[in-house]
Amino acid sequence: MHYIQAMKSYLSQLNEATVSTGLSLLYFFKDAGVPTSTYYRALSGKDLRYSTAIKVEHAILSHALSTTQSQHE
């Protein structure tokens with residue numbers, strides 16, 4: 001049998017990254033300064049630019065880092 005593995009979209013990767021935060025992906029789009037229209041376009045099937053995905057990823061990572069730091073203080 002042959003299995004075809006598809007690459008995950010930026011949107012699905014970002015969604016997975018938000019699971020442990022308990023916050024919505026929309027929250028991180030807003031936090032990153034990315035227009036909400038970009039979020040809704042991505043939901044409707046348009047792919048994100050790499051640079052946009054990186055901005056949102058940085059917002060997610062910054063939140064995770066600040067949460068971890070506050071838990072250890």
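This is a predicted model: local features need pLDDT of at least 70, side-chain atom pairs count only at pLDDT 80 or more; totals for chains, interfaces and linings use all residues.
**Entry 1: the core**

I looked up the largest nonpolar core, which has 14 residues. Which members touch the most others? They are Leu14, Leu25, Phe29, Val56 and Ile60. I then checked which helices supply this core. Helix H1 (10-18), helix H2 (25-31), helix H3 (36-43) and helix H4 (50-71) each give at least two residues.

**Entry 2: Leu25**

I picked Leu25 and set aside its neighbours within four places in sequence. What is Leu25 in contact with? I listed Leu11, Leu14, Asn15, Thr18, Tyr39, Val56 and Ile60. Two of these names, Val56 and Ile60, I had already noted among the core residues that touch the most other members.

**Entry 3: aromatic pairs**

I counted aromatic pairs and got 4. I took Tyr10 and Tyr50 to start. Their ring centres lie 6.1 Å apart with planes at 55 degrees, so I logged the pair as tilted. This pair links distant parts of the chain: Tyr10 sits in helix H1 and Tyr50 in helix H4, 40 residues apart. Tyr10 is partly exposed at 29% relative accessible area. Tyr50 is exposed at 55%, because the cut-off for exposed is over 50%.

Next came Tyr27 and Phe28. Their ring centres are 5.1 Å apart and their planes stand at 85 degrees, so this pair is edge-to-face. Is Phe28 buried or exposed? Phe28 is buried, with 0% relative accessibility. Tyr27 is partly exposed at 38%.

**Entry 4: a cluster**

I also found Phe29, Tyr39 and Tyr40 in one aromatic cluster. Phe29 is back from my core entry, and Tyr39 from my list of Leu25 contacts.

How values were computed
Residues are numbered from 1 along each chain as its sequence is written. Side-chain values use heavy atoms; hydrogens and water are left out. A nonpolar core is a set of buried Ala, Val, Leu, Ile, Met, Phe, Trp, Tyr and Cys residues joined through side-chain atoms within 4.5 Å. Buried means under 20% relative accessible area, exposed over 50%, partly exposed in between (1.4 Å probe, protein chains only). Helices (H or I, at least four residues) and strands (E, at least two) are DSSP runs, numbered from the N terminus. Contact means heavy atoms within 4.5 Å. Rings of Phe, Tyr and Trp (its six-membered ring) pair if their centres lie within 6.5 Å; planes under 30 degrees apart count as stacked, over 60 as edge-to-face and the rest as tilted.
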